[in-house]
Amino acid sequence: MDLVVSPALTIPAAELDWRFSRSSGPGGQHVNTSDSRVALSWNVAGSAVLSEQQRLLLQRRLKRSLVAGVLTVTASEQRSQLRNRETALAKLAALVADGLAPGPAPRRTTKPTRGSNYRRLDAKKQRGATKRQRQQPPAD
């Protein structure tokens, strides 16, 4: 089953690596005998569906989640392996989509207005005057 991240990006099922293990979650005694925990891995560094620019962007933005260029997500919230597979696919798609999303527009620096400068300096003078009034009068 291919993973559709966005209309422009679909990760083929051949690039996804599934691993299953016993989950420590809800399920009672059944959880001790079934492999319901899912670990889904995708090799970002060796993926054929990414352009070089996308690969570099993902490697830079997801560098804390990557181990040797491989992105791994786990899911063990559900009791069934099928639901955990769906959850893992959704987590991976969200991570990749966030990693490829455009960043915020750069902030344009502006000068403070004359009025805001005046108000800032006036507040500083008021604060200094308040502190001066709290001091002991000089001993003459």
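**Close-up views of a predicted model**

**View 1. Arg 85 lies over the face of Trp 18, with 5.2 Å to the ring centre.** Everything shown here and in the views below comes from a predicted model. Take a moment with Trp 18 itself: its relative accessibility is 24%, so this residue counts as partly exposed.

**View 2. Trp 18 and Phe 20 form a stacked ring pair.** The count of aromatic pairs comes to one. In this pair of Trp 18 and Phe 20, the ring centres are 6.4 Å apart and the planes meet at 5 degrees, which is why the pair is called stacked. Phe 20 has 31% relative accessibility and therefore counts as partly exposed.

**View 3. The largest nonpolar core holds 21 residues.** Look for Leu 3, Leu 16, Trp 42, Leu 92 and Val 96, the members that touch the most others in this core. Two or more residues each come from strands E1 (3-6), E2 (9-11), E4 (37-43) and E6 (70-75), and from helix H2 (81-100). H2 gives the largest share, five residues.

**View 4. Val 96 and its contacts.** Leaving aside residues up to four places away in sequence, Val 96 touches Val 5, Leu 9, Trp 42, Leu 58 and Leu 71. You have already met Val 96 and Trp 42 among the core members that touch the most others.

**View 5. Ser 47 sits in the loop between E4 and helix H1 (52-61).** Beyond residues up to four places away in sequence, Ser 47 touches Glu 15, Trp 42 and Arg 55.

Note on methods. Residues are numbered from 1 along each chain as its sequence is written. This is a predicted model: local features need pLDDT of at least 70, side-chain atom pairs count only at pLDDT 80 or more; totals for chains, interfaces and linings use all residues. Side-chain values use heavy atoms; hydrogens and water are left out. A nonpolar core is a set of buried Ala, Val, Leu, Ile, Met, Phe, Trp, Tyr and Cys residues joined through side-chain atoms within 4.5 Å. Buried means under 20% relative accessible area, exposed over 50%, partly exposed in between (1.4 Å probe, protein chains only). Helices (H or I, at least four residues) and strands (E, at least two) are DSSP runs, numbered from the N terminus. Contact means heavy atoms within 4.5 Å. Rings of Phe, Tyr and Trp (its six-membered ring) pair if their centres lie within 6.5 Å; planes under 30 degrees apart count as stacked, over 60 as edge-to-face and the rest as tilted. A charge sits over a ring if NZ of Lys or CZ of Arg is within 6 Å of the ring centre and within 35 degrees of the ring normal.
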